[in-house]
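Student: Please take one part of this model for a close look, and state the cut-offs behind each term as you go.

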Amino acid sequence: MISKATIDTVFETARVEEVIGDFVQLKRAGSNFKGLSPFSEERSPSFMVSPAKGIWKDFSSGKGGNSVAFLMEHEKFTYPEAIRYLAKKYNIEIEETEQTDEEKANTDVRESMYLVSEFAKNYFHNTLFNSEEGKAIGYSYFKERGFTNETIKKFSLGYSPESWDAFTKEALGKGYKLEFLESTGLTIPRDDRPFDRFKGRVMFPIESMSGRVLGFGGRILTNDKKAAKYLNSPESDIYHKSKVLYGIFQAKQSIAKLNNCYLVEGYTDVIQFNQAGIENVVASSGTALTPDQIRLINRLTKNITVLFDGDAAGLRASIRGIDLILEEGMNVKVCAFPDGEDPDSFAKKTSYEDLVLYLENNAKDFIQFKASLLMNEAKNDPIKKADLIRDIVLSISKIPDRIQREIYIQECSRIMDISEQVLVSTLAQLVQKDVSEVGKKQKQEQKAFEVVKNENPVEAEKVDVLYRLERKIIEILLLYGNKTEEFEDSFLKTNEDGEIVTVTEKKEYKVYQRVYLSLQEDEVELANPLFRDIFNDLINFYHQNENFSLEQYLMRLQVDFAQEVTDILMEDERVIMHNWEGQNIFPKSKNDTIVQNVSETILTLRWYLVGRIIDELKSSVLSEVNSDNTEPMSMIMDYNMLIHSFSKKLGRVMSRYY
């Protein structure tokens, strides 16, 4: 168990924009930062980070919270794992107490899979350096590839012994359960004797963006033609190869800093580039490039440079991925290496300066690359040239931005020596075809949910005023609760002439005290159950903590509280703003004082509640036509006078909206 002192230190030290900046490319937006949501597929930023408040909000998915909440949502960390990650990031020493057997038994299944994978990484790495077989076979292989010890350690490369069950025996002996060895794919089940999946292979751990081990790639070193040269972990609850990029953990900061990502094919391509000094490089791990992998890069940069082998197969592979990258609204360049070279071999024999220069001089825009490559195939054949032009325009049609499409059409016209008008016409046909296909698909999906016209349409739902006012009270407590302000107090007093008059004087209160006392005075309890619970929790927290810290308060909140609190705190950052003032709901503007904000919100709540009482009295009068309605009518008049007094205090006419 991690001590409270350590947790407090982590929360005090961690900066939300730094933590999230490791996973999402953030751009300054006033006092905040914004970026693309890591939780949904979007092209326009709706993900906001507020350093001042220490929180983030994703308006596309509704998620939000502090640094720990982000790691738990994004990386699927448990709370302790998130704390450990932040402690490691900020070099904070962790104080721990011993876990009980019951706490150990309650460890999450996914967490167990992560722990097994981490153990495997360390086992393979230690075997490479500390066993005779590892040094003779695995270490020798990496040295032949030109990898230094520093590089081997940076990527935690390892070796799995040739023995059928060396790893499985070691893991079981250390207390790891067979079910998790099998569910991660490290061990293959067999009734009489489970055996190691990766026996006799050099090992490449595949890590998430935060550095958690998701799976492994293993390369065989023998000439066994029956065995696959490369073997990957099977799909599991923690490893989905279509959503993973090899090297993303080591590359993320460099990608964001340089605003470009080099995309290669294999593990050794990534490692060799890193050793050469170029760190902003990732690999699709031998799989065909997927939209999920592209979106992973998209969170760090809009620019991808695809690096593939110089042979024909490698070049065609690069073309297949281009359209997918363009569809995600990204900028793509392609760099081909000389015949017989791949990123690994070329980086190995080229100095850092020459490698950087080569990439700068040979990285072509996709349209130039595609045109030059396919023109060689078309030669002077007009039919093939027409197909080539159609192919290029098809790629251009995938670009979501109309201005970019226009520019590429002009470039294509220049390169291919064909009129823009013909290209624009072809592009329009392709775009219209895509739109038609989408429309057909939507119609097919709607058939199962045919809408029956309602003869008696229901009126549009009215704004839930009470909900908004109660939400505003929670916002006031969160933002200003511990501030001391002067409020006006009114009370009755007998003057020298014996008349009862209203006297007003100013008195200092903590904001949370003023709100609490005002609601108590009216015997008002918040109607919304969640707001009521948060209100009571906040008041208790203020009473128990003289120096209120929003960060400390957020870190102790349960999930449903934290979600709502974050949503309230980030209300100002919403892209779509509602005209609440026009509906007489929120009487303050951003420039109003705290006192005015508090006083007017409480007065508006009183007005709303009194209005409901008046409506109830009117209903009783109408339902009891023959009864004596003197008393309820008198009460209605009194309450109307009360609303009039609210109007005077607020300085505006109170209109009815319910």
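**A helix contact and a strand**

Tutor: In H6, Thr127, Leu128, Phe129 and Asn130 meet Glu132, Gly134, Lys135, Gly138, Tyr139 and Phe142 of H7; contact means heavy atoms within 4.5 Å, and helices are DSSP runs (H or I) of at least four residues, strands (E) of at least two, numbered from the N terminus. This is a predicted model, in which local features need pLDDT of at least 70 and side-chain atom pairs count only at pLDDT 80 or more, while totals for chains, interfaces and linings use all residues. Residues are numbered from 1 along each chain as its sequence is written, and side-chain values use heavy atoms, with hydrogens and water left out.

By class, the contact of H6 with H7 holds four nonpolar, four polar and two charged residues (Ala, Val, Leu, Ile, Met, Phe, Trp, Tyr, Cys and Pro are nonpolar, Asp, Glu, Lys and Arg charged, the others, including Gly, polar). The axes of H6 (residues 109-130) and H7 (residues 132-144) come within 6 Å and cross at roughly 95 degrees. H6 is therefore roughly perpendicular to H7, a class covering 65 to 115 degrees.

Strand E3 (residues 47-50) comes next. Phe47 and Val49 point one way, Met48 and Ser50 the other, and all are buried (under 20% relative accessible area, 1.4 Å probe, protein chains only). E3 runs antiparallel to E2 (residues 32-35), joined by three bridges, and antiparallel to E4 (residues 55-58) over four bridges; pairing requires at least two DSSP bridges. Phe47 is the bridge partner of Gly35 and stands opposite Asp58 in E4. In the E3 and E4 hairpin, with four residues between the strands, Gly54 takes a positive phi near 70 degrees.

Conventions: Axes fitted to C-alpha atoms, helices over the stretch in contact; angles between N-to-C directions. Parallel < 35°, antiparallel > 145°, perpendicular 65-115°, else oblique. Buried < 20%, exposed > 50% of the residue type's maximum accessible area, 1.4 Å probe, protein only.
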